[in-house]
Amino acid sequence: MPRSLSFVACASVSTALTLTTRSRVPNASPQELQQFLATPANWPRIVLSSVGVEGASTAAPLRPGAEVDELFGLPPILPLRVKWRCEAAGANTLDVRSADGLAGVATDCRMDFSIEADGDASVVDLAMSYEPASPLALLAAPVLIVDNWLALNVLLPRAFSGSPLVRQRDVPGLAFFALLSTWHFGVGPAIRDAVLAARG
């Protein structure tokens, strides 16, 4: 499997759910990419579900102790808000956490980035984790997998290079990929399990 398509989802009802995503961003040093990812104002440019950020210093890279609110659009519930706190920020790492997470849905949310040089490119590894507080948090995992993959492998390289984030001709393909992946990883298996349980 190509490195850019490498992602793993591990879920458990009783422990934190962790999703990992890997991407290779060309013409980027780890330090430059870390600064880009650590700047909250860039988040809505690379995350489809993110619609805005609010805080005292959203245009500058986060430093340990800094906090920022991220707004998410999830029709028909708008907006959803998560307060992130930067726990660590190194030359090629970024660790942001939200103890409260999303009320009634998930707590102890974490976005842990590590970046390594790979020739004239950089490889980004993201470990997203959270404690499910409701079944909705588990059902959202397939959507988050797709969201993270698109963020790191499609939108991040384009935003970092200054290219148009999504070309018009790419929209149908991205929409189809999102729907297909959500079905493959979430809805399809859920229906299959329900059918098998009914037969049993």
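Let's start with one pair of side chains. Asp-95 and Arg-110 make a polar contact through their side chains, at 2.9 Å. Keep in mind that this is a predicted model.

Where does Asp-95 sit? Asp-95 is in strand β6, residues 93-98. Is Asp-95 buried or exposed? Its relative accessibility is 7%, so Asp-95 counts as buried.

Now step back to the whole chain. How many helices and strands are there? The protein chain has five helices and eight strands. In sequence order the pattern reads β-β-α-α-β-β-β-β-β-β-α-α-α. The protein chain has 200 residues, and 38% of them count as buried. Next, the contacts. Take those with a separation of 6 or more: residues 24 or more positions apart account for 47% of them. Then the surface. The accessible surface is about 10,700 Å², and 62% of that belongs to carbon and sulfur atoms.

On to the core. In soluble globular proteins, nonpolar side chains tend to be buried together. Here, the largest nonpolar core has 44 residues. Which of them touch the most other members? They are Leu-33, Leu-37, Ile-46, Trp-84, Phe-113, Val-124 and Leu-156. Helix α4 gives this core its largest share, 11 residues.

So let's look at α4. This helix covers residues 141-161. Why does its length make sense? At 1.5 Å a residue, its 21 residues should span 30 Å, and the end C-alpha atoms are 29 Å apart, which agrees. There is a kink, though. At Leu-155, α4 bends by about 45°, shortly before the proline Pro-157. After α4 comes Gly-162, with a positive phi near 85°. How enclosed is the helix? Of the 21 residues of α4, 17 are buried, so the rest of the structure largely encloses this helix.

Leu-33 lies in α1. Its relative accessibility is 0%, so Leu-33 counts as buried. Leaving out neighbours within four places in sequence, Leu-33 is in contact with Val-25, Ala-28, Ile-115, Ser-122, Val-124, Leu-156 and Phe-160. Leu-33 and Ala-121 are 88 residues apart along the chain, and their C-alpha atoms are separated by 9.9 Å.

Phe-36 is also found in α1, which runs over residues 30-37. At 13% relative accessibility, Phe-36 counts as buried, because the cut-off is under 20%. Which residues is Phe-36 in contact with, leaving aside neighbours within four places in sequence? They are Asn-42, Arg-45, Ile-46, Leu-156, Ala-159 and Phe-160. Phe-36 and Ala-60 are 24 residues apart along the chain, with 9.0 Å between their C-alpha atoms.

Back to a strand. Ser-122 is in β8, residues 121-132. Ser-122 has 0% relative accessibility, so this serine counts as buried. What does its side chain reach? The Ser-122 side chain reaches the backbone oxygen of Ala-28, at 2.5 Å. Outside four places in sequence, its contacts include Trp-43, Ala-66, Val-68, Val-96, Cys-109, Arg-110 and Met-111. Note Arg-110, which also makes the polar contact with Asp-95.

Last stop, a loop. Leu-102 has its place between β6 and β7, and β7 is residues 106-118. Is Leu-102 buried or partly exposed? At 21% relative accessibility, Leu-102 counts as partly exposed. Neighbours within four places aside, Leu-102 is in contact with Leu-80 and Arg-81. The C-alpha atoms of Leu-102 and Ala-137 are separated by 9.6 Å, at 35 residues apart along the chain.

Notes
Residues numbered from 1 in each chain as written. Predicted model: local features only at pLDDT ≥ 70, side-chain atom pairs only at ≥ 80, totals over all residues. Heavy atoms only, no water. Helix = DSSP H or I, 4+ residues; strand = E, 2+ residues; numbered from the N terminus. Expected span 1.5 Å × (residues − 1). Bend = angle between axes of the 7 residues up to and from the residue. Buried < 20%, exposed > 50% of the residue type's maximum accessible area, 1.4 Å probe, protein only. Contact = heavy atoms within 4.5 Å. Core = buried A, V, L, I, M, F, W, Y, C linked by side-chain atoms within 4.5 Å. Polar contact = N/O pair within 3.5 Å; in protein donor to acceptor, adjacent residues only side chain to side chain. Areas by Shrake-Rupley, 256 points an atom, 1.4 Å probe, with all protein chains shown as cover.
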